[in-house]
Amino acid sequence: MIRFNVACSIALFALTAHAESPADFAYRLPLATEGDHAFFRVELPARVYEGALRRDLGDVRIFNGEGTPVAFAFLPRPAPTREVSAAAELPFFPLHAEAGRRDLADLTIAVRRTSAGTTVDLATRDGTPVTGERIAGYLIDASEAKEALRALTFSLPAGANVSTRVGVDASDDLVSWRTLIAGAPLLALEFGGRRLTRERIEVPSTTAKFLRVSFEAGQPAPEFVSLRADAGARDVEAPRQWREATGIPAKDESGVFEFDLGGTFPIDRVTLLLPEQNSVAPTQLFARAEAKDEWRPVTTAVFYRLRQDGGEATNAPASINVAGYRYWKALIDPKAGAAGAKAPQLSVGWYPGVIVFAARGNGPFDLAYGSARASPSALPIETLVPGYERAKPATMEFRRARVGEMTVAPAIAALKEPIDAKRWILWGALFLAAAALGWMALSLRVKLESHK
């Protein structure tokens, strides 16, 4: 019996002490590395999320040319960087009015562009032209601005002494105006050989095509030399990867569409692409990891696609905090008229994972994924890379490894659930033990009967 138990233990250890090899993974992508460096980085393509079986990418490995796994870690997602936009000069036009006119709110503005230049005319609501020698304000043409404006800087004449207050209004059609800021101080003072200036006015972020600068009643209206606008500082995020899936109408449910993304991506942005212009679709989104799972509510948002000024206006993608769901469902409010004659598309975005691996051994290296028996083996980045500071990831740079095309046929057998060897060995051991006990009982009975 002792020999039997030892044999079972050895067999159990041999079956469980499995060393991983590339053949244990269904998919392998070659990695091209250049130079002799300790570490390389690789951005995971969408194919990895399509083929990996684990939502946490625990079945991803890096193998060297000898087929030996090398140490690797997932790189933390970089924080957005702050970018300061360069100021851009905008064209502006003085608005002249009578000396007695207090403001410009009840006047209409017309812009005429010809080969000779641009002309700006003021008129009353009934069409009577307004003329005068006094500068009552300025019209700023911001139609060529590429980003939302957050500040205006007015350049005043050298040596000018000005203390005034201005208001800034915004419009897209020169008819309807909305106030951005009122009573903002504008200063250029000189005293005792020193000069005090306040020529920059911060405004709420705007993408309006036109801005109107007006001066408060009784305040001086200086002439501007130039005018610059800037978008201020903004967060710049790393680029996302995007994927679209066309909806399949649900049976017997109006306004319900289901989507299969083909993989479990770490999604953090989602939007609905509507097939027809001038569509507004209040929508509930649901998701699930497997086709057999229950639907989980994700978010509620209003998606739209509207014709505007010769182009289109669409909603910004909704920010979500879910990952690893392949199947999605959109429930469009039927009161909004569904999505149109065609099915909408679901567009999702995510930051691709980045792996840093130690270039141990000879190349070429392979990125392997898709295994039913693999468990997570990634190290913390601080363990893999000595001196790595998680709070300042930009202080360390790693050479990029380029992902190539798959050169070997997928090992589909690796996707199948492995035989539970432990269970079968235990059942086998119990069967042999029961057989041994039966044999011992039978032997004892034969002996007893022989002594009678």
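Strand β23 (residues 267–273) is largely enclosed by the rest of the structure, because six of its seven residues are buried (under 20% relative accessible area; exposed means over 50% and partly exposed in between, with a 1.4 Å probe and protein chains only). Strands, of at least two residues (E), and helices, of at least four (H or I), are DSSP runs numbered from the N terminus. The model is predicted, so local features need pLDDT of at least 70 and side-chain atom pairs count only at pLDDT 80 or more, whereas totals for chains, interfaces and linings use all residues. Residues are numbered from 1 along each chain as its sequence is written, and side-chain values use heavy atoms, with hydrogens and water left out.

Two strands are taken to pair if DSSP finds at least two bridges between them. By this criterion, β23 pairs with strand β29 (residues 345–350) in the antiparallel sense over six bridges, and Leu272 stands opposite Leu346 in β29. An antiparallel pairing over two bridges joins β23 to strand β27 (residues 318–319), where Ser319 stands opposite Arg269.

Salt bridges were assigned where a side-chain nitrogen of Lys or Arg lies within 4 Å of a carboxyl oxygen of Asp or Glu; the count comes to 14. Asp268 is buried at 9% relative accessibility, while Arg77 is exposed at 53%. Asp268 also forms a salt bridge with Arg269, with the closest N and O atoms 3.7 Å apart; Arg269 is buried at 18% relative accessibility. Through shared partners, salt bridges join Arg77, Arg240, Asp268 and Arg269 into one network.

A further salt bridge connects Arg402 with Glu34, the closest N and O atoms being 3.4 Å apart. Arg402 lies in strand β33 (residues 402–403) and Glu34 in the loop between β1 (27–32) and β2 (39–43), so the pair ties together parts that are 368 residues apart in sequence. Arg402 is partly exposed, with a relative accessible area of 42%.

Nonpolar cores were defined as sets of buried Ala, Val, Leu, Ile, Met, Phe, Trp, Tyr and Cys residues joined through side-chain atoms within 4.5 Å. The largest has 48 residues, and those with the most contacts inside it are Ile62, Trp328, Leu346 and Phe357. Apart from it lies another core of 28 residues, among them Leu90, Phe154, Val162 and Ala208.
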